[in-house]
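Dear colleague,

My notes on the structure come after it.

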Amino acid sequence: MAAPRIDVDERRARLAVRHRLHPAHRAPDAPDAVDAATSLVCLHGTDPATVYLSAWARVDGFTVADLDRALYDDRTMVKHMAMRRTVFVVPLGTLPVVQAGASARVAAAQRRTVVKDVVKAGLHDDGESWLDEVSRHILAALADGREATSSELKAEIPLLDGALEFGAGKSWGGPVTFAPRVLTVLSAEGKVVRASNKGSWRVSRPTWTTTESWLGSAVDPVDEATGVRELVRMWLRAFGPGTEGDLKWWLGSTLTAVRAALAELDVVEVDLDGRPGYLLADDVDEPAPVEPWGALLPGLDPTVMGWTEREWYLGPYKEALFDSNGNGGPTAWWDGRIVGTWWQTDTGAVSLHLLEDIGAEGTAVLREEAARLDDWLGGVRVMPRFPTPLAKELATEGRSSGTSSS
């Protein structure tokens with residue numbers, strides 16, 4: 001029997017519903033930031049502002065204080081090093097499978113690199129022993145719930161006062177200290193977490209503490225195969241249908257691990273324009289028609305970064321809206337696909353640039369979204385870590401003020 005065919009319109013309808021992206025002229029429908037994150041497995045946190053703007057796009061009446069409370073007071077979400085050596089904001093209930101299915105793999109790779117570089121830098125003949133010893137010092141320093149910055153730990157633990165020179169003679173070269181790299185390993189191992197932030201919501205200046213003291217207990221142990229399988233299941237629920245390649249990229253794992261997980265799950269193979277894709281077996285029913293919808297999403301938003309095969313929603317705009325490393329910048333969406341970008345002028349005003357004619361309704365909706373975002377930001381400038389090449393070009397041309405479309 002031929003695999004069921006899933007067309008582009010059906011994929012876009014699923015995206016709108018699962019990713020909490022609201023129909024035109026209606027408020028976002030996620031009740032809170034935790035729900036928004038859960039609907040997407042987790043939220044990207046590499047760029048500190050992304051998680052706030054991702055929640056703003058999906059939660060009606062969202063405020064910065066809402067997410068700060070979830071992160072730092074209620075601690076129902078936590079910033080964690082996970083898939084693709086990327087920081088995510090992970091709902092607490094999802095943390096064990098993220099740790100087992102993605103973070104542990106990152107930790108092992110980072111540990112090997114640090115061990116090698118410790119020897120290369122001449123800090124110790126046995127890099128493994130050095131890393132184990134300095135890790136013990138850090139965990140002892142953070143005992144009993146103490147929070148400290150990387151700089152504070154480096155100042156009081158002599159073993160951390162070392163660096164390795166990268167890019168000698170290059171304009172971007174210089175010494176890279178080991179303190180943040182060791183904390184990256186300990187974070188990915190689930191032993192420490194980013195605790196209170198000493199910067200604003202737009203700046204990442206984390207303190208660190210032990211996972212047990214911050215969350216009340218250590219991360220529940222889950223075996224790797226179970227972790228990978230559950231992450232694949234959650235991804236399919238949020239992002240499916242998708243391909244093996246999508247899953248491999250999103251997980252930062254291997255095709256072997258992806259195929260093993262798919263073999264254990266109750267999935268259905270579907271036809272995605274002639275390529276095999278996968279859906280959970282209880283998720284094959286065609287979704288109800290979705291009203292047209294518009295959204296302004298930040299750089300590295302989970303919807304923008306959910307797949308590696310992006311043609312069905314990105315179209316011909318990869319070079320304009322993604323950098324050479326595959327990082328997506330701010331995007332404007334209409335009815336299930338990317339149609340432009342947005343940025344802020346020097347005065348903080350939100351500016352929209354459309355890459356095509358999307359008609360009067362779509363243009364009006366996205367202009368309303370730009371005005372809504374402008375009002376929410378209140379002139380506060382949010383500089384994305386990965387601005388789109390198009391936004392750079394427009395700013396250079398002196399077109400970085402007002403709303404434009406083409």
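The notes below cover the conventions, the strands, the helices, some individual residues and the aromatic pairs.

This is a predicted model, in which local features need pLDDT of at least 70 and side-chain atom pairs count only at pLDDT 80 or more, while totals for chains, interfaces and linings use all residues. Residues are numbered from 1 along each chain as its sequence is written, and side-chain values use heavy atoms, with hydrogens and water left out.

Helices (H or I, at least four residues) and strands (E, at least two) are DSSP runs, numbered from the N terminus. Two strands are taken to pair if DSSP finds at least two bridges between them. Buried stands for under 20% relative accessible area, exposed for over 50%, and partly exposed for values in between (1.4 Å probe, protein chains only).

I begin with the open sheet. Its 3 strands come in the order β1-β3-β2, and the pairing is antiparallel. Strands β1 (43-44) and β2 (77-82) are at the edges with a single partner strand each, so one side of each has no neighbour in the sheet. Between β2 and β3 (residues 86-91) there are 6 bridges, and M81 is placed opposite V87 in β3. Helix α4 (residues 64-73) lies across β2 and β3 and runs at about 75° to β2; axes here are lines fitted to C-alpha atoms, for helices over the stretch in contact, and angles run from 0 to 180 degrees between N-to-C directions.

Strand β3 also contains F88, which is buried at 1% relative accessibility. Contact means heavy atoms within 4.5 Å. Neighbours within four places in sequence aside, F88 is in contact with C42, L43, H44, G45, V78, K79, H80, A82 and M83.

Strand β12 (residues 337-344) is mostly covered, with 7 of its 8 residues buried. It runs antiparallel to β11 (residues 331-334), to which 3 bridges join it; in this pairing A332 stands opposite G340. The two strands form a hairpin with 2 residues between them, and D335 in the turn has a positive phi of about 55°. Strand β12 is also joined to β13 (residues 350-354), again antiparallel, by 5 bridges, and T341 has H353 as its bridge partner in β13. The hairpin of β12 and β13 has 5 residues between the strands, and G348 takes a positive phi near 95° there.

Helix α10 (residues 224-239) has 16 residues and reaches 22 Å from its first C-alpha to its last, close to the 22 Å expected at 1.5 Å a residue; the expected span is 1.5 Å times one less than the number of residues. D223 caps the N-terminal end of α10, with a side-chain oxygen 3.2 Å from the backbone nitrogen of A225. The buried residues of α10 include V228, L231, W235 and A238.

A238 is in turn touched by S39, which also touches R18 and R20, residues up to four places away in sequence not being counted. S39 lies in helix α2 (residues 33-39) and is buried, with a relative accessible area of 15%. Its side chain reaches the backbone oxygen of A36 at 2.7 Å.

Finally, the aromatic residues. Rings of Phe, Tyr and Trp (its six-membered ring) pair if their centres lie within 6.5 Å; planes under 30 degrees apart count as stacked, over 60 as edge-to-face and the rest as tilted. By this rule the count comes to 13 aromatic pairs. The ring centres of W201 and W376 are 5.7 Å apart and the planes are at 70°, so this pair is edge-to-face. W201 lies in the loop between β6 (192-197) and β7 (206-210) and W376 in helix α15 (residues 359-377), so the pair ties together parts 175 residues apart in sequence. W201 is buried at 16% relative accessibility, whereas W376 is partly exposed at 22%.

The rings of F239 and W307 have their centres 5.2 Å apart and their planes at 80°, so this pair is edge-to-face. F239 belongs to helix α10 and W307 to the loop between β10 (294-297) and α13 (311-314), 68 residues apart. Both F239 and W307 are buried. One aromatic cluster is formed by W235, F239, W250, W293, W307, W312, Y313 and W333.

Technical notes. A polar contact is a pair of N or O atoms within 3.5 Å; within protein, one must be able to donate a hydrogen and the other to accept it, and residues adjacent in sequence count only if both atoms are side-chain atoms.
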